[in-house]
Amino acid sequence: MFLQFSTLSLIIATFTLNFLINLCSYMTRSFKHFAAALKLILIKSVFVFALLLPFLAAAQISSGGIPPGFIQKSDDPTIQTVMVPAPETETLLKEDEEAGKWGVAERIGVLLPIQITPYNNGVWKRLPNNSKQWRLLIGSEKAKQLSLYFEDFYLPQGCELYVYNVKRTKLIGAFTQQNNHESGLFATELISGESLIIEMVVPADVPEQPSFTITDLLYAYKIENNDLKQFRSSGSCNVNVNCIEGFGWQDQKRGIVKINSRVGSTVFRCSGSLLNNTRFDYQPYLFTADHCARSGSTYASESDIGQWVFYFNYEASDCPTPMIEPPAVSLTGASLKANIGGGNSYMGSDFCLVLLNNELPPAVLPYFNGWSRVDSSSPSGVGIHHPKGDIKKISTYTEPLVSSNFNSNTPNMYWQVRWSETQNGHGVTEGGSSGSPIFNNEGLIVGQLTGGAASCTNLTGADYYGKIAKSWESMGDTPDRQLKYWLDPDNTGVEKLQGTFNVLQVVSLFLADTSALQAGQSIGFRDISIGEPTEWKWIFQGGEPAEVTGRDPGHITYYTYGDYDVTLIVKNEYSTDTLVRENYINVVPGMFPNPANDNVTMLLGNHDDEELIFHVTDITGRPVTSWQYGIKNLYSINLNTSELKRGVYIVTISRNNGSTSRHKLIIDRQLYSN
């Protein structure tokens with residue numbers, strides 16, 4: 001799903017207002033921390049600004065768009081329905097209660113086996129443009145959330161797959177050929193409700209047939225809040241990562257990830273972090289807990305990990321928890337590189353390292369966190385995590401970490417921490433925080449969460465983090481039992497490594513002078529891309545010139561009214577990125593003079609319309625009059641406004657294709673009197 005905004009002024013206003021409000025707020029708190037506050041505010045303002053751009057927001061990596069069935073609700077009764085028997089949730093909840101926090105990941109749901117393909121279930125329909133549409137409704141009684149797990153997943157070029165809930169409050173997709181993986185595995189993020197609709201559109205000219213098998217339906221039963229989401233479900237004592245407590249941790253937070261990990265027929269929720277390596281090649285290594293990859297003594301298979309879902313940048317943009325769920329970006333699939341093994345009978349240092357199946361898209365703006373393998377206590381630091389699968393939180397410690405055991409089999413393999421009260425709460429950890437990192441006072445990861453007693457009802461309880469110092473090479477001599485092989489592949493002997501952003505990656509960004517103009521006018525565009533691009537290609541739908549290479553495209557003229565996309569493709573030596581801002585430029589007929597007397601001239605420019613209809617209302621919305629004009633082969637028309645009294649009016653212009661534009665018209669005959 002893409003976030004779309006019609007005018008540049010809205011973006012600039014939001015950016016500026018966010019900056020000023022936060023600046024005033026933080027200056028009044030403590031001048032001592034002004035520099036840190038200013039840095040955070042700038043970062044947060046840029047983050048808000050980025051959200052206003054059409055990045056991949058609130059959805060998995062996808063191409064956006066809206067499928068026909070999402071609009072045509074009247075077709076829903078014709079959809080075939082597959083209802084899957086629900087599990088015994090009371091039994092599951094009782095098992096979860098007994099598991100607690102002690103080295104057991106929090107189960108969010110169970111997988112219900114199904115066998116669905118586009119060719120044995122669902123309804124196919126021929127669309128007016130000769131494309132084919134396939135739809136199916138899948139549900140399970142009293143489910144809080146659902147998601148789909150696929151095998152043999154292959155979508156040919158041009159084919160689009162969508163998933164949405166019946167109420168049309170959540171839509172993900174389009175999934176396309178970019179979601180194909182050599183493993184054939186795929187999984188979707190969770191959608192609230194006890195049923196969902198899957199829809200596929202296959203253009204007439206696609207030579208290959210799409211293929212996939214939906215093998216499992218994730219039945220999520222452990223969602224705490226009334227909105228049937230993980231959002232706002234964590235304890236009230238927790239602190240959002242963009243509160244003042246997060247001032248010094250704005251880089252590190254961008255490496256923290258929420259995880260839905262599959263192990264057999266169970267899905268857990270955990271947290272983790274991207275890690276840097278000594279080659280600085282930005283391989284997407286993700287660090288979490290070993291117990292997030294197992295259920296009892298049974299470990300996730302290769303195909304299970306290939307269907308893990310990772311959520312990036314799931315956080316509030318400011319300190320208060322928002323009422324509306326913030327966006328996130330999610331990716332599917334990884335491969336196991338190293339872990340403890342041995343099951344729950346031997347916790348060891350409880351580490352797990354996986355490599356994501358896909359390179360991280362520029363929209364994520366990822367930070368690859370640094371680490372320390374030095375076995376020495378830290379006097380202070382933080383943990384950053386997703387308790388209960390909620391938005392990103394930060395917990396602070398101000399007493400030194402204590403070298404400790406987690407159980408009798410783990411002598412001095414753990415850091416014990418007790419969290420401190422801070423200005424905005426008393427951060428702790430909860431189910432879903434498992435695998436999250438703890439940072440030392442140098443901003444480096446020194447361990448990952450296994451479990452503990454801390455909670456909003458036990459603020460002073462201790463939590464335990466497996467030491468990177470022990471996970472480095474103490475758990476085994478083979479690559480699959482140590483971090484060293486992967487994080488220091490050239491055996492440099494480095495004990496500490498700083499975190500970094502991916503300086504090799506470019507991010508396509510641009511601004512326009514305005515996004516609303518009259519037919520025949522010109523506007524300028526400005527490249528603000530990140531990552532030092534060396535090549536630029538601009539594509540201006542409906543503009544002249546239509547394509548430009550180079551950083552400065554000059555002024556682009558729009559002669560035909562309508563809504564137009566703008567595309568910028570940027571490249572450097574290492575990567576490329578494309579930003580498409582859909583319907584970004586709004587070109588409307590010109591109107592003059594305004595204020596007017598008895599006549600108004602409409603400048604139409606080029607167009608394909610046969611006629612236009614003008615509806616006139618007063619400032620309260622009361623209809624006043626309407627006009628209909630044939631405009632074939634005309635570039636301008638005159639409107640007789642002599643019947644309008646002095647005042648302010650809204651003129652709504654309706655085109656043949658159903659689109660409309662609105663204009664303010666002022667009638668002031670005193671301007672023209674002698």
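Counted along the chain, the bonded cysteines of the protein pair in the pattern 1-6, 2-5, 3-4, and in this predicted model the number of disulfides comes to 3.

Cys237 and Cys456 form a disulfide in which the sulfur atoms are 2.0 Å apart, and with -80 degrees about the S-S bond this link is left-handed. Cys237 lies in the loop between β12 (211-220) and β13 (256-263), whereas Cys456 lies in the loop between β29 (445-452) and β30 (463-467), so the pair ties together parts that are 219 residues apart in sequence. Cys237 is buried, at 12% relative accessibility, while Cys456, with a relative accessible area of 28%, is partly exposed.

The loop between β12 and β13 also holds Cys243, which is linked to Cys319 in the loop between β18 (309-312) and β19 (329-332), 76 residues apart. The S to S distance of Cys243 and Cys319 is 2.0 Å, and the link is right-handed, with 85 degrees about the S-S bond. Both partners are buried, Cys243 at 2% relative accessibility and Cys319 with a relative accessible area of 12%.

In the disulfide of Cys270 and Cys292 the sulfur atoms are 2.1 Å apart, and the link is left-handed, with -100 degrees about the S-S bond. Cys270 belongs to strand β14 (residues 266-275) and Cys292 to the loop between β15 (285-289) and β16 (294-295), a separation of 22 residues. Cys270 is buried at 0% relative accessibility, as is Cys292 at 1%.

Cys352 is in no disulfide, and the nearest cysteine sulfur, that of Cys292, is 7.8 Å away. Cys352 is buried, at 0% relative accessibility, and Cys159 likewise counts as buried, at 1%.

Terms used. Residues numbered from 1 in each chain as written. Predicted model: local features only at pLDDT ≥ 70, side-chain atom pairs only at ≥ 80, totals over all residues. Heavy atoms only, no water. Disulfide = S-S within 2.5 Å. Helix = DSSP H or I, 4+ residues; strand = E, 2+ residues; numbered from the N terminus. Buried < 20%, exposed > 50% of the residue type's maximum accessible area, 1.4 Å probe, protein only.
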